[in-house]
Amino acid sequence: MPNAHVIGLGRSGMAAARLLKQEGWTVTVSDSKTSESLQQQQQALTGQGITVKLGYSLTLGDGDLPELIVVSPGVPWDIPVLIEARNRGIDTIGEMELAWRYLKSSPWVGITGTNGKTTTTALIAAIFQAAGFHAPACGNIGYAACELALAQSLETLHATSLHEKLPQSPIDWVIAEISSYQIESSRDLAPTIGVWTTFTPDHLNRHKTLENYYTIKAELLSRSHDQVFNGDDPYLRQLGTTHWSNAYWTSVRGRDATPRPWVYIENGWVMVESEPIVPVDSLRMVGHHNQQNLLMAVAVARLAGIEKQAIVEAITNFPGVPHRLEHIITWQGIDFINDSKATNYDAAQVGLAAVDSPAILIAGGEAKAGDDTQWLNTIHSKAAAVLLIGEAAPAFAQRLQELGYYRYEIVETMARAVPRAAELAQQDNAPVVLLSPACASFDQYQSFEHRGDDFRQQCWQNFSP
């Protein structure tokens, strides 16, 4: 049997290993870390005939080399062993590319961008499902892509982390949220419809320069049959039709925006060319940016031939996305909102701008490179106070001082932040407590979901009746 090595024992790595085993490969999975949860996953895979090595990093000696290396999204594409593997002609790909190899008979929608990916992906999936398609969301939302591929070859797939089963029924469309990490390791992935939501500096610790980051994103769009762009994004709008002459553009600024949009807002309606589709206020999510996400979702639906009725039904009933401006609880007239997915300055600025002011902001975590100017300006204008948690707290405090903002406290943990935020909101008559960290979560949490769940739990513990 052919020999494959999967690097990274997360959800994607587990799915890739199980898919390869199902398809007749001899599979080894390695992870440089070890923990109780990883040991549990190790036991599960070992019972399926898959070798798992924890606390281990792959090296390429002169012995039995793998014919295929599959990389989980969190593994840097430029680590020495992967560079060596590619130089030696070993087929080296990401988990998303592996899924593509088994699912490319189905049409794909591939959504990428710095911010807005998750909401746009969820909206698109909801519309396709309202139209009667079996169109699961995958990638950075919903299932790992290889879980869908595995479901095609099994009667049912028990996804342990979701505690549910995936049906075997053929997939009509794959709706995939695809990060730059996943694009970087996918050389052939070619969606039927590609979507680019926004473009601002992010992940520069991995991609080094803005130009590299742009080039990676552009590869996915250039391989897509049809392309949908957010024409309200300054960077993408500047490139416009000179770079993307055949793309479908969207804009909340109306039909006369540049580049000339195919989907736009006019008199409170989402319009496709000159046809009214759905009132903008049918979408219950707050914020100007969510109107942009709505337009891109409608554009994709119309390119796929979905009728107006299904679009209206899906948008009207769309509940929102967990961890992205998610309303948790209202206590004594104060709304507690979870925006844990705001892991960079731009996303956090958008989140803070979207809520009512004055707000009590909880921010901090593992800081990322980027321009914090707009975020700090929005704090000045909209935040009654800022509570700082995590590693970045001292550096954020210094930045706020430099700009003459002194209404901050370093509280370190979520358990301290939530009750203190409630006290301050009462003192300042602030209608909102907002968790919008502007940081990655890995200093204190396993993921931004883990951080958002902690915020939710603290809110319930402190304020539930």
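This is a short walk through one protein structure, from its overall build to a few individual residues.

A word on the source before anything else: the model is predicted. Every value I give is computed from that model.

I will start with the whole chain. The protein has 17 helices and 22 strands. Its radius of gyration is 23 Å, close to the 23 Å that the globule rule gives for 465 residues, so the protein is as compact as a globular protein of that length. Along the principal axes, the C-alpha atoms fill a box of roughly 65 × 50 × 45 Å.

Now burial and contacts. Of the 465 residues, 55% count as buried. If we take contacts between residues at least 6 apart in sequence, 66% of them join residues at least 24 apart. The accessible surface comes to about 19,300 Å², and carbon and sulfur atoms account for 48% of that. As for charge, there are 33 positive and 49 negative side chains. The centres of those two sets lie 1 Å apart.

Next, please look at helix α14, residues 373–382. Which of its residues are buried? They are W375, L376, T378, I379 and K382. These residues cover an arc of only 160 degrees around the axis, which puts them on the same side of α14. Q374 and S381, on the other side of the helix, are exposed. The buried residues pack against two helices, α13 at 345–354 and α15 at 393–402. They also pack against two strands, β19 at 359–364 and β20 at 383–389.

Leaving aside neighbours within four places in sequence, I379 is in contact with L352, L361, V386, L400 and Y405. I379 and A348 are 31 residues apart along the chain, and their C-alpha atoms are separated by 9.9 Å.

From there we move to α15. Its buried residues include A393, F396, A397 and L400. They cover an arc of only 105 degrees around the axis, which places them on the same side of α15. What do the buried residues of α15 pack against? The answer is α13, β19, α14, β20 and β21. So much for the helix itself.

After α15 comes G404, with a positive phi near 80 degrees. G404 sits in the loop between α15 and β21, the strand at 408–412. With 43% relative accessibility, G404 counts as partly exposed. G404 and A342 are 62 residues apart in sequence, and the C-alpha to C-alpha distance between them is 24 Å.

Staying with backbone geometry, I have two residues other than glycine with positive phi. E412 has phi near 75 degrees, and its place is in strand β21. At 43% relative accessibility, E412 counts as partly exposed. E273 has a positive phi of about 55 degrees, although E273 is not a glycine. Its place is in the loop between β15, at 269–272, and β16, at 275–279. Is E273 buried or exposed? E273 is exposed, with a relative accessible area of 53%; the cut-off for exposed is over 50%.

There are also two cis peptide bonds to point out. The bond from T258 to P259 is cis, with omega near -10 degrees. P259 lies in the loop between β13, residues 248–251, and β14, residues 263–266. The bond from S357 to P358 is cis as well, with omega near 0 degrees. P358 is in the loop between α13 and β19, and those are two of the elements that the buried residues of α14 pack against.

The last stop is N115. Where is N115 found? It is in the loop between β6, at 108–112, and α5, at 117–130. N115 counts as buried, at 16% relative accessibility, given that the cut-off for buried is under 20%. Not counting residues up to four places away in sequence, N115 touches T197, T198, T200, N344, D346 and A347.

Note on methods: Residues numbered from 1 in each chain as written. Predicted model: local features only at pLDDT ≥ 70, side-chain atom pairs only at ≥ 80, totals over all residues. Heavy atoms only, no water. Helix = DSSP H or I, 4+ residues; strand = E, 2+ residues; numbered from the N terminus. Rg over C-alpha atoms; globule rule 2.2 N^0.38 Å. Buried < 20%, exposed > 50% of the residue type's maximum accessible area, 1.4 Å probe, protein only. Contact = heavy atoms within 4.5 Å. Areas by Shrake-Rupley, 256 points an atom, 1.4 Å probe, with all protein chains shown as cover. Lys, Arg positive; Asp, Glu negative; His and termini not counted. Charge placed at Lys NZ, Arg CZ, Asp CG, Glu CD. Arc of directions from axis to C-beta.
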